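Hi,

Here is the model I promised to pass on. Have a look at it first, and then read my notes below.

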Amino acid sequence: MNAARGAAAAAALALGLPLVAWPATFALATRLPEYVHLVKARPGAAAAAAAAAALPTAAAGLGLAHGYGCGLLSSSAAAAATFAAAWLYAATRLVDARPPVPPYTSMLPAQASPRLAVVTGATSGIGAASVNVLARAGLRVIFTTRSEERGARLAVPGSVTYCVVDPNELAQVAAFADAVVAASRGERAPLLSDEAASWLVDAGGVHILVNNAGFFPRPAPLTGDGLEPGFQVMHLSHHLLTKRLAPVLKACQGRVINVASEGHHFATPRTPGEPTSVFAPERIAAPTKSSLLSYGHNKLANILHTRYLRDDGIAAFALHPGAVVTSIWTFPYALGFLGAPVRAIQRVVFDATASLVMKTAEEGVSTVVYLALAPLDHLDSDLYWINLAGADATMASPLARSADLARHLAELSDILLAERGLE
Ligand SMILES: NC(=O)c1ccc[n+]([C@@H]2O[C@H](COP(=O)([O-])OP(=O)(O)OC[C@H]3O[C@@H](n4cnc5c(N)ncnc54)[C@H](OP(=O)(O)O)[C@@H]3O)[C@@H](O)[C@H]2O)c1
């Protein structure tokens, strides 16, 4: 091998490794919770389960890296074959590990009148799949969306209707919440469709609230309410909605499901050793700078919100749905700073491999729907759930388990709302 070919191979490996590290890492991250679930059921199998989780991922990663190297050294056919074999192996190992889908409909207790669910941000991905499954299970569903057109497309007369609400404007969220409360009491609520209003009269309130709207923030200016967009959409709008709906949730012995994420582990205090600085003004009332940090502390907020709702006497759960193939995965990839060609290759690698190792939206909503429909006395007391199992001790970060931080966030959120005339 001459020096030029050696350098080319080294470059191919150097480029290939980070490229494959991305889907390979995700393969592991996606499936790990399922292995944790398995380990909880059979404690003696911990080492075997960890190895089983790591093996296909490592094989796939190495196979891909090898493939890139081979492609330069010999022929591109060798690279393609290695690529395909590695992923086929990973896929067959990983697909087996998918969690069972619960029998949603059999979880519904006998009921005199149809139950009612409200789901936020539901025209795609996990929100849309949740609406679909809840409606199939016999619930009436009112969802919120920013788009009249997308909302109308998903509405199903008799079981699914919508209201246009943009959580980037807190006043819209407050108006929607007030309309739901008014309709539940039989009062006029012009903001809602006639169908939604009549369902609320029948139900006398809300049985299930799924706080789902969320996105992977990119650098962006403040919202019109003067807040970091990720904080406002993913946390404060849900805090406001849930707070205003509390009386009608309590009237129905309702529950709140917060769609959080393992991404909450990215949250770190701004000042080391001071947990409350996770939500420092320089972060929550400043333009979005870091995508990962914003996503991390706002997903942490979803879990902390769950804790203080419980303290207020409302049944509440947070969950990580798994890594699910949805439109949230449109952010610039790791190494994107290396330029458009690298981003383009990563997009191709991701699109080609994501559906092999990630969950479909229907699989991703299994825990949402489980927590929404299972009788409360069937659910253990954990706040944070993954793959139909409580994961407080195994998967929640120390910050997510902090009662003090939850109290701080509740107080801070109320102050921010009061400053905007929305207490
Ligand atoms: N997919 C995953 O792997 C994954 C993993 C962990 C957690 N999650 C969480 O799951 C939830 C749903 O995400 P998804 O994966 O289903 O993503 P998605 O397909 O992009 O759906 C997100 C929904 O949130 C709303 N939304 C998106 N950007 C928004 C913005 N800038 N302002 C206001 N609303 C916005 C949209 O509602 P409208 O367009 O209808 O207004 C959209 O339907 C999020 O909270 C996310 O953090 C997802």
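Let me start with one face of a helix: in α15, Ala403, Asp404, Glu411, Ile415, Ala418 and Glu419 are exposed. Helices (H or I, at least four residues) and strands (E, at least two) are DSSP runs, numbered from the N terminus.

Two housekeeping points before going further. This is a predicted model, where local features need pLDDT of at least 70 and side-chain atom pairs count only at pLDDT 80 or more, while totals for chains, interfaces and linings use all residues. Residues are numbered from 1 along each chain as its sequence is written.

Back to α15 (residues 403-419). On the side opposite the exposed set, Leu405, Ala406, Leu409, Ser413 and Leu416 are buried. They share one side of the helix because they cover an arc of only 100° around the axis, the arc being that of the directions from the helix axis to the C-beta atoms. What do these buried residues of α15 pack against? Their partners are α8 (229-251) and α10 (291-311). Contact here means that the C-beta atoms of two residues, placed from the backbone, lie within 7 Å.

As for its length, α15 has 17 residues and reaches 25 Å from first C-alpha to last, close to the expected 24 Å at 1.5 Å a residue. The expected span is 1.5 Å times one less than the number of residues in the helix. Just after α15 comes Gly421, with a positive phi of about 70°.

With 21 residues, α10 reaches 31 Å from its first C-alpha to its last, close to the 30 Å expected. Most of α10 is covered, with 16 of its 21 residues buried. Gly313 follows α10 and has a positive phi, near 85°.

You'll find Phe279 in the loop between β5 (255-259) and α9 (281-284), and it counts as buried because it has 25 C-beta neighbours inside 10 Å. Leaving aside neighbours within four places in sequence, Phe279 is in contact with Ile284, His297, Leu409 and Leu412. Phe279 and Ala301 are 22 residues apart in sequence, and their C-alpha atoms are 8.9 Å apart.

Now the whole chain. The protein chain has 15 helices and 8 strands, and 45% of its 423 residues count as buried. Among contacts between residues at least 6 apart in sequence, 72% join residues at least 24 apart.

The 8 strands form an open sheet with mixed pairing, in the order β3-β2-β1-β4-β5-β6-β7-β8. The edge strands are β3 (160-164) and β8 (389-390), each pairing on one side only. Two strands pair if DSSP finds at least two bridges between them.

Inside the sheet, β1 (residues 116-119) and β2 (residues 140-145) pair in the parallel sense over 4 bridges. Leu116 stands opposite Arg140 in β2, and Ala117 stands opposite Val141. In a regular strand the side chains alternate between the two faces of the sheet. In β1, Leu116 and Val118 point one way and Ala117 and Val119 the other, and all are buried.

Finally, the ligand. 27 residues surround it, and the closest are Gly121, Gly125, Thr145, Gly214 and Phe215. The shell divides into 11 nonpolar, 14 polar and 2 charged residues. Nonpolar covers Ala, Val, Leu, Ile, Met, Phe, Trp, Tyr, Cys and Pro, charged covers Asp, Glu, Lys and Arg, and the others, Gly among them, count as polar.

Cheers

Terms used:
Near = placed C-beta within 6 Å. Buried ≥ 20, exposed ≤ 12 C-beta atoms within 10 Å, placed from the backbone.
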